[in-house]
Amino acid sequence: SRAKRVWTEVAQALGVSIETVQNLIVDRTLKVFDPRITERSLMNLCRRNGSLLNWEFLDAETRDWLESSMDLDRRAGMDTTMCLNPFRRHALVVRKCGRCGRSIRGNAFFAHSNCRKSPKIP
């Protein structure tokens, strides 16, 4: 099965047996996921929710590919997109930490606590 193949790859990468990987998964110590996206699922996303894609962040080549090969409909799913617009605008706000100099988007800046241990940057 596909899961066994993934577990085998993980076991080889970690240098342990498959049984050890299975036990770690059962104990919830190890979480295994498959990061691959199928062409069909991408095509469905483009057809049904094309408006969710932020068009401005894509280069011209990617835009052409999505429209020609993936049947992108930029107006599909507009109701959902209208709900997300405030979050998109908020994510465009970038603040820089005065202590560690790290650039942070949105409200995550206020939860940034690693810099408390760092000296302040002049």
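Color the protein chain by secondary structure and read along the sequence: the pattern is α-α-α-α-α-β-β-α. That gives six helices and two strands, where helices (H or I, at least four residues) and strands (E, at least two) are DSSP runs, numbered from the N terminus. This is a predicted model, in which local features need pLDDT of at least 70 and side-chain atom pairs count only at pLDDT 80 or more, while totals for chains, interfaces and linings use all residues. Residues are numbered from 1 along each chain as its sequence is written, and side-chain values use heavy atoms, with hydrogens and water left out.

The protein chain exposes about 9700 Å², and carbon and sulfur atoms supply 54% of that; accessible areas come from the Shrake-Rupley method with a 1.4 Å probe, and for residues only the protein chains shown count as cover. Of the 122 residues in the protein chain, 16% are buried. Buried means under 20% relative accessible area, exposed means over 50%, and partly exposed is in between (1.4 Å probe, protein chains only).

Now select residues 2-14 and 18-26, which are helix α1 and helix α2. How do their axes cross? They come within 9 Å and cross at roughly 105°, with axes being lines fitted to C-alpha atoms, for helices over the stretch in contact, and angles running from 0 to 180 degrees between N-to-C directions. That makes α1 roughly perpendicular to α2, a label that covers 65 to 115 degrees. Show the side chains too: K4, W7, T8, V10 and A11 in α1 meet I18, V21, Q22 and I25 in α2. Contact here means heavy atoms within 4.5 Å.

Slide on to R28, in the loop between α2 and α3 (39-49). R28 isn't a glycine, yet its phi is positive, about 65°. Most residues other than glycine have a negative phi. R28 is exposed, with a relative accessible area of 69%.

For another positive phi, pick D71, with a value near 55° in a residue other than glycine. D71 sits in the loop between α4 (60-69) and α5 (78-91). D71 counts as partly exposed because its relative accessible area is 36%.

Time to look inside. Which residues make up the largest nonpolar core? Select M43, C46, W55, L66, M70 and L72, six residues in all. A nonpolar core is a set of buried Ala, Val, Leu, Ile, Met, Phe, Trp, Tyr and Cys residues joined through side-chain atoms within 4.5 Å. Center on M70: leaving aside neighbours within four places in sequence, M70 is in contact with E39, L42, M43, C46 and W65.

Now go to C97 and C100. C97 is buried, at 7% relative accessibility. C100 is in no disulfide, as the nearest cysteine sulfur, that of C97, is 3.6 Å away; a disulfide is a pair of cysteine sulfur atoms within 2.5 Å. By this rule the count comes to zero disulfides. C100 counts as partly exposed, at 29% relative accessibility.

Last stop: F109, in helix α6 (residues 108-111). F109 is partly exposed, at 23% relative accessibility. Try the distance tool on F109 and R95: they are 14 residues apart in sequence and 6.8 Å apart in space, C-alpha to C-alpha. Not counting residues up to four places away in sequence, F109 touches R95, K96, C97 and I104.

Key. Angles under 35 degrees count as roughly parallel, over 145 as roughly antiparallel, 65 to 115 as roughly perpendicular and the rest as oblique.
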